[in-house]
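These are my notebook entries on a single chain.

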Amino acid sequence: LLTAILGFSGIFQKALSYIPQSLTSAMLAGVLLKFGISLFASLQNDWIFVLSLLAIYVITKRLWPRYSIVFTALAGIALCPVFLNFHMPTLEWSLAKPVWISPEFSWSALLGLALPLFVISMASQYLPGIAMIKSYGYKPHVNQLIGWTGLTQVVLAPFGCYSVNIAAISAAVSLDDQVHPDPSKRYIAGISCGFFYVLMGLFAATLTSLLMSFPHIFIVALAGIALLGTISHNIALAFGPVEDREAALFTFLCSASGIQFFGVGSAFWGLIVGIVVFIVLKFKAKKYGLNERVCASSFREIHKNEK
């Protein structure tokens, strides 16, 4: 209900409008940086496997850029038995069986679970997710998007699906130019995600056992490679404007640090630190900017008179 109220009332969109895009991009780059670092850190122990995946990614990116991640994933599956200790498990395909658990209302769950989850999801999913969409030039209807998502949570919460939200990492993967060179056709990725989410839900038990059987290094490497384009995109946006670089740097480093206070992750605190630095530096610029303009105007006037 709080999510729906924040959405339909316009409070969330209004708060987001005051945050410079350079800071939100720095926040996103910081959050995603750990995936890129983990990719190259894994070279320490499994360098042959990781280098093979990187080589396949770079070559396919040059030849078939739209399908580079698909080729890399398939190649990784094929290379797992060659370079890693992996054997394809025997799978028994079966549909997931829902189990009814009657919901119960309690004040302790409301105050100790619901409110903290609300704050965490707004700070670590909704804010980065909307910022991610905007960083690629899209103009989402933020009020309706968040409002209807909140109402969906209300309807589905009694059935255990209380965590519906704008998933920031999924949004990142579905927005890059590797999805489609034409930004107006990238919605197909969103529809495809929805279709495969339903399919994976129906075979949840089988697919979970399959994914858990793959070596951890394969998941880490594939996630890092899939997010390389998004990381570079947000770093370019974050450090583009010269006047915002200091604040963007604070946001980027704090978001990448992984710190947590009161159960809220580093993305939120990185943005808070960046906004404080941004305001302080802008205040100083405004304080002295008038004198600089006056001096420049006076200099032009003197130069004109001399001529």
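This is a predicted model: local features need pLDDT of at least 70, side-chain atom pairs count only at pLDDT 80 or more; totals for chains, interfaces and linings use all residues.

I took helices (H or I, at least four residues) and strands (E, at least two) as DSSP runs, numbered from the N terminus. On that basis I found 14 helices and zero strands in the chain. Residues are numbered from 1 along each chain as its sequence is written, and side-chain values use heavy atoms, with hydrogens and water left out.

Entry 1, overall build. I placed the C-alpha atoms in a box of roughly 90 × 55 × 35 Å along the principal axes. I defined contact as heavy atoms within 4.5 Å. Among contacts with a separation of 6 or more, 75% join residues 24 or more positions apart. I called a residue buried under 20% relative accessible area, exposed over 50%, and partly exposed in between (1.4 Å probe, protein chains only). Of the 307 residues, 35% count as buried.

I defined a nonpolar core as a set of buried Ala, Val, Leu, Ile, Met, Phe, Trp, Tyr and Cys residues joined through side-chain atoms within 4.5 Å. The largest one has 34 residues, and Phe12, Leu23, Leu127 and Met132 have the most contacts inside it. The elements that give it two or more residues include helix H2 (11–17), helix H3 (21–41), helix H6 (107–135) and helix H14 (266–306). H6 supplies the largest share of this core, eight residues. I then listed the contacts of Leu127 beyond four places in sequence: Phe12, Leu16, Ile19, Met27, Met122 and Leu271. Apart from this core lies another, of 21 residues, among them Leu39, Cys80, Leu210 and Ile217.

I located Ser174 in the loop between H8 and helix H9 (187–202). Is Ser174 buried or exposed? Its relative accessible area is 13%, so Ser174 is buried. Leaving aside neighbours within four places in sequence, Ser174 is in contact with Val179, Arg186, Ala189 and Cys193.

I located Gly263 in the loop between H13 and H14. Gly263 counts as partly exposed because its relative accessibility is 38%. I also computed a C-alpha separation of 9.0 Å between Gly263 and Leu117, which are 146 residues apart along the chain.
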